[in-house]
Amino acid sequence: MAMTVGVRFRNNGKVYDFNPKDLILLPGEMVVVETARGVECGEVVRANRETPAVEGKEIKPILRKATPEDRRRVEENAAKEREAMRICQERIEANGLDMKLVDAEYSFDNSKILFNFTAEGRVDFRNLVKELAGVFHTRIELHQIGVRDEAKKLGGLGICGRPFCCAQFLRDFQPVSIKMAKEQGLSLNPTKISGSCGRLMCCLKYEQSIYEELWKLCPKVGATVMTPEGRGVVTESSVLKGQVKVRLDKNPDSPPAEMGVEDINVIRADRPNKNKPADAGEGAPKEPAEKSAEQKPANGENGGGNRHRNRHRNRNKPQE
């Protein structure tokens, strides 16, 4: 176990662990730390606590608590970032680049300025970097980020009326697929299951593990089942309630009967094939494809035998 504190450098940024040494830190305090980008000033968002040590991972120490001078520099950098955004946007328009500037980040010691942008494809911004370096006289970096990262940085309100999850508490983006929406019975209309970033909503991932466990217990629509009232086919499935509607074979014209999952047994999990007999798999004759597959070796053997006999017949035939 190792003693760590969580530090964040941007309002919606990722939380990183640092070694507090002998310092007792509380959320809201400002600290100066050494990072891969150099010296940075961040806010403590998680107080001292013990975390499992990861082999091979170095936890960098906190240099000091932020002084009034450090806080003043952070405020000055924030003002410089707004000015850098304005100048960079002007240069982008002057160069006719197809890119959208998201934000600018000054390093704590002003040794570097990082501009984040989004674009549909690759952008040749070499000339832009030269112009910005001539204006700011410092190191310039441009990073192309995705639309999800843009939403995380800018923030906003989702269709649920709450702030974006990515801007509040999500540390990393999880993969989300349309299959999750199908298994959860949601509308497949892209406008209803997509966030403001245009990608599938991150919250589709939250309950997916529960749905996966419940679907193992609940038969899907089209499955053939045996119920206390006889055999039937599942026409509707409510995975959260643990109930299904079954159309009984003995009463096909009657409304489907509603039953609990625990009261039925699955005979066949897949949807019946209309081209196959209803009782396929239960003593029914084999499919024609299987018969033809069984006959092929016999035909091949007979054909081979005829050719063999013809070769002998031709060999014994006297030459003219």
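Reader: How many bridges join strand E1 to strand E2?

Author: In this predicted model, strand E1 covers residues 2-8 and strand E2 covers residues 15-18. The two strands run antiparallel, and a hairpin of six residues connects E1 to E2. Within this pairing, Arg8 stands opposite Val15 in E2. The number of bridges joining E1 to E2 is four.

Reader: Is Gly42 buried or exposed?

Author: Gly42 lies in strand E4, which spans residues 38-51. Its contacts, leaving aside residues up to four places away in sequence, are Val7, Arg8, Phe9, Glu29, Met30 and Val31. The relative accessibility of Gly42 is 1%. Buried means under 20%, so at 1% Gly42 counts as buried.

Reader: What is the C-alpha to C-alpha distance between Gly42 and Val32?

Author: In sequence, Gly42 and Val32 are ten residues apart. In space, their C-alpha to C-alpha distance is 6.5 Å.

Reader: What distance does helix H1 reach from its first C-alpha to its last?

Author: Helix H1 runs over residues 68-95 and has 28 residues. At 1.5 Å a residue, the expected span is 40 Å. The model comes close to that value, with a reach of 41 Å.

Reader: Which helix is among the elements that cover the buried residues of H1?

Author: The buried residues of H1 are Asp70, Asn77, Glu81, Ala84, Ile87, Cys88 and Ile92. Their cover includes strands E3 (30-35), E5 (62-65), E6 (100-106) and E7 (112-118). It also includes a helix at residues 126-136, namely H2.

Reader: Which residue just after H1 takes a positive phi?

Author: Helix H1 covers residues 68-95. Just after H1, a phi of about 65° is found at Gly96.

Technical notes. Residues numbered from 1 in each chain as written. Predicted model: local features only at pLDDT ≥ 70, side-chain atom pairs only at ≥ 80, totals over all residues. Heavy atoms only, no water. Expected span 1.5 Å × (residues − 1). Buried < 20%, exposed > 50% of the residue type's maximum accessible area, 1.4 Å probe, protein only. Contact = heavy atoms within 4.5 Å. Pairing = 2+ DSSP bridges.
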